[in-house]
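Please read each point beside the structure.

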Amino acid sequence: MAQRRLFRFKSIHTSMALAFSCLIVGITALLTYNSYRLSASAATGNAKIYTGQLTQQVNANIQTYLDTMASISALAGSGEELEKLASLPDPQSEEGARKAASISRFFRSVVRSREDISTILFVGSNGAVVSDRAEAKFKPLDDITAQEWYRGARDSGGKVAISSSHVQHVYKREYPWVVSISRMLGRPGEAGSGVLMVDLNLNVINNLCRQIQLGQRGYVFILDPAGDLIYHPQQQLLYSRLKSEDIPSLLNSKTGLLTKGKGRDLRLYTIGTNDYGWKVVGVTYPDELVGNKGEIRNTSLLAGGLFLAVGLALSVLLSYRLANPIKRLEHLMKKVEKGDFNIRVDVESTDEIGKLSRSFNLMIGKIKDLMEQIVEEQEQKRISELKAMQAQIQPHFLYNTLDSIIWMGEMGKMQDVVRMTTALAKLFRASISKGDELVPVGTELEHIRSYLTIQHIRYKNKFTYEIELDPDILSCLTLKLVLQPLVENAIYHGLKQQAIIGHIRITGRKHDGEIELRVSDDGAGMTEGQVRELTAKLRSGEDGPGVGLPNVNQRIRLTFGEPYGLEIESEPEEGTTVILRFPEIPGEGAA
Amino acid sequence: MRRTFGWIAAALLVVLAAWKLYESISPRAEQQKPLLFVPKTVDGRSDFWRVLGMGVQTAAKEFGVQVQTVGTVAETDVDGQIALLERAIEERPRAIVLAASDYNRVVPVAKRIQAAGIPLITVDAGLNGGIAASFVATDNYEAGRKAGEAALRLLPQDATIAVVSFVKGTATSMERERGVRERLAEAPGVNVLEETYFSDGSIDKAYRIVSRLLRERPDIQGFVCLNEPTTTGAAKALQESGRAGEVKLVGFDSSTDEIDYLEADVIQAIVVQNPFNMGYLAVRAAVDAARGKRTEPVIDTGSEVITKQNLYNKENQKLLFPFDDPD
């Protein structure tokens with residue numbers, strides 16, 4: 001769970017930047033590695049080909065040398081002189097010396113023509129020894145015939161024998177490194193036979209191999225068919241076993257390619273074999289032959305790093321550009337949540353975010369329209385309700401009053417009929433009053449006077465009344481027909497059931513910017529519980545049988561707002577006072 | 001926008017870190033500095049130092065280091081070598097391979113090399129106190145024992161043997177002599193002359209000493225000579241006395257003269273060192289030391305006993321007849 005939370009980011013911006021970064025890191029790493037690997041393997045391939053060609057070339061050169069030596073050997077052994085010298089019973093004789101001198105001259109001319117020949121030597125079966133040196137100091141004959149090149153030629157049956165590289169020690173105080181090419185002339189043991197040897201200066205081969213550059217550490221070495229080293233740059237290390245070459249596997253290799261070692265010491269052996277059975281082995285270290293491997297790696301790393309940096313910057317910028325408009329939209333939406341519909345998003349782009357913003361604008365516009373419509377409808381509804389309420393008051397009262405007039409007419413009380421009818425006419429005039437909602441308090445007073453006149457005639461002896469209004473407030477505006485229900489209430493609920501004559505008192509005064517009208521009776525009054533019940537009824541605006549007071553309360557509140565309305569004070573057996581409050585609004589004629 | 005900059009800065013930091021890492025693992029920086037090789041002599045006529053130099057070059061190529069060789073012409077120019085080393089400290093080579101021309105006098109400058117943090121390897125000739133990271137040389141005591149062993153094989157059990165050394169007081173001569181004498185002492189019947197003779201590294205002096213001994217002490221049946229000129233001088237004296245072969249001679253090191261005498265049976269055995277390996281192993285040790293690897297305090301490059309019989313063995317040919325290096 002904790003791990004999952006790690007990857008849950010609060011903003012699109014962060015997740016996008018992170019996703020992009022991961023992608024870029026991945027791709028960059030992959031590409032870098034791949035390009036490095038490809039170029040490295042290409043370089044390795046090239047190195048292989050190059051090494052192969054070099055080895056082949058060295059091999060060809062050595063082959064040429066050995067061929068040349070063989071043909072020189074053939075040339076030197078071609079004359080009959082050698083056979084004649086070897087046939088002499090005593091080579092030390094005068095004739096032998098003469099022949100030897102002539103042969104020596106011939107040998108000398110051959111050796112002088114070529115720098116790579118160290119010496120040419122003939123050893124006859126009769127003990128004759130002749131070389132290209134005019135006055136050579138030879139080792140004892142037994143030493144010479146015990147040497148490998150001599151035995152090799154004797155055992156190879158007329159074919160050319162090629163020795164491994166060795167120190168030639170036929171002459172005293174001369175120890176050159178050579179490769180000896182020796183050949184038996186005639187049949188071994190027969191008179192006139194002998195061994196002819198041509199020494200190839202090993203330096204020729206050394207230089208040839210040394211010149212070959214196979215990278216920093218690579219080298220070339222040569223093996224003879226027996227697996228002995230003819231040339232190796234580290235021959236001494238091999239002999240002292242500080243190093244080793246796996247010679248058996250080189251000799252047995254069929255493909256001519258071998259790899260040894262690991263990592264930095266991985267070596268590639270390229271083997272070429274010539275006609276004489278010599279193996280020219282090129283050793284390369286692929287690790288470094290890919291010469292610029294490190295450089296490739298570094299370039300790849302650097303490029304990768306740069307791409308990474310640029311990619312990261314771009315991803316951050318891009319995600320910022322994408323996420324920012326969304327953030328702005330979110331911010332505006334918060335405002336809308338709080339009720340501010342006067343908001344528009346400035347749309348510049350045409351992308352999805354732009355479309356979203358446009359839709360947002362449209363939506364907000366629609367909501368705003370709807371809200372206005374609702375407000376208007378509510379207003380309409382209120383007005384019609386008010387009108388309906390006003391209308392409700394009239395008929396009931398009218399029927400009762402008309403009934404009273406009829407009754408009085410039948411009784412012949414013409415005086416009262418006139419008064420009542422006059423009052424009724426006044427009452428209606430006042431209540432119609434051009435349909436305006438608000439009327440001066442004076443008009444309302446007129447109206448209530450007419451009403452009281454009528455009621456007083458109807459309930460004669462039931463109550464008396466007095467009206468005491470501050471003259472200042474007469475011109476102020478009030479909602480029309482608000483007093484009548486209060487008075488009606490006082491008559492019907494406060495006084496009607498009482499046996500004694502009740503008293504209704506209407507007062508009015510200005511107080512701190514509001515007008516307070518009180519309608520008091522000295523009737524039955526109410527208990528505290530009844531007052532609370534009635535107050536609750538007023539608040540809720542519930543409809544019910546006693547519609548008068550809640551109706552007035554509601555109308556005042558709808559017109560003037562919350563703090564205004566009715567308040568009831570009452571004591572049982574003492575009477576009830578209903579207080580009506582509304583703001584002071586000066587009427588037209590007031591000034 | 002501030003966060004964006006933060007990201008870019010972080011990315012740049014990553015790149016920078018990668019670059020630093022690459023530089024630190026790149027071997028190029030350390031390879032640019034050469035390794036300094038200071039032989040006892042840069043005189044090309046000395047086979048021993050020429051072959052040792054070949055070993056140095058072979059190793060240099062193999063380990064991919066550059067080697068700069070500086071040295072005095074004369075082996076005895078101790079002050080010259082000290083001055084060279086003083087200069088070398090300022091150039092701060094990657095490591096120094098030194099063949100000290102004096103066992104004691106070179107020690108102070110070697111200590112300064114160490115204090116400068118430059119790895120020091122001594123080759124062939126070491127320093128008093130063994131302050132180098134590695135000392136690559138022939139185990140001369142062991143070589144002396146081999147010489148004694150060869151003499152014992154050549155001589156009867158009650159033979160009288162003389163030891164002719166070269167320069168009195170050098171570590172090499174003392175070690176070789178100790179080896180010879182200790183090995184001979186293990187054969188109860190053998191009589192070794194108490195006195196050690198010193199040729200001072202001169203063929204002539206060795207010749208005179210041996211000639212005199214042959215005259216004065218006809219009972220001597222064998223000589224053990226502890227370096228090349230001494231052996232050559234002794235061989236010359238023996239040959240002229242006409243008692244070559246009868247009086248046995250075991251020598252040290254190789255030269256054309258010695259090989260001639262060996263082939264002529266004047267010398268019966270020589271103990272040879274392996275200077276090529278010495279140079280090679282010294283550079284290998286130096287490269288290791290420069291890379292902070294632990295190195296063996298003493299590396300023995302071994303010695304071989306050469307007789308007429310094994311003179312032309314493949315292995316010994318290389319040891320006795322080094323290739324001429326075209327460089």
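1. Two strands are taken as paired if DSSP finds at least two bridges between them, and helices (H or I, at least four residues) and strands (E, at least two) are DSSP runs numbered from the N terminus. This is a predicted model, in which local features need pLDDT of at least 70 and side-chain atom pairs count only at pLDDT 80 or more, while totals for chains, interfaces and linings use all residues. Residues are numbered from 1 along each chain as its sequence is written, and chains are lettered from A, with ligands numbered from 1, in the order in which they are written.

2. In chain A, strand 6 (residues 219–223) and strand 7 run antiparallel and are joined by 2 bridges, with A:Ile222 standing opposite A:Tyr231 of strand 7. Helix 7 (residues 202–211) of chain A packs on the sheet and touches strand 6 and strand 7, its direction making about 75° with that of strand 7; contact here requires C-beta atoms, placed from the backbone, to lie within 7 Å, and angles run from 0 to 180 degrees between N-to-C directions, with axes fitted as lines to C-alpha atoms, for helices over the stretch in contact.

3. The sheet as a whole is open, has 5 strands in the order 7-6-10-9-8 of chain A, and pairs in the antiparallel sense. Its edge strands are strand 7 (229–231) and strand 8 of chain A, each of which pairs on one side only.

4. Strand 8 (residues 257–260) and strand 9 (residues 267–273) of chain A pair in the antiparallel sense over 4 bridges, and A:Lys260 has A:Arg267 as its bridge partner in strand 9. These two strands form a hairpin with 6 residues between them, where A:Gly261 in the turn has a positive phi of about 80°.

5. How do helix 15 and helix 17 of chain A cross? The axes of helix 15 (residues 483–495) and helix 17 (residues 548–560) of chain A come within 9 Å and cross at roughly 160°, which means that helix 15 of chain A is roughly antiparallel to helix 17 of chain A, a label given to angles over 145 degrees. Among the residues that meet there are A:Pro485 and A:Leu486 in helix 15 and A:Leu549 and A:Val552 in helix 17.

6. Chain B has 12 helices and 12 strands. Of its 327 residues, 49% count as buried, that is, with 20 or more other C-beta atoms within 10 Å of their own, these atoms being placed from the backbone.

How values were computed:
Contact = placed C-beta atoms within 7 Å. Parallel < 35°, antiparallel > 145°, perpendicular 65-115°, else oblique. Buried ≥ 20, exposed ≤ 12 C-beta atoms within 10 Å, placed from the backbone.
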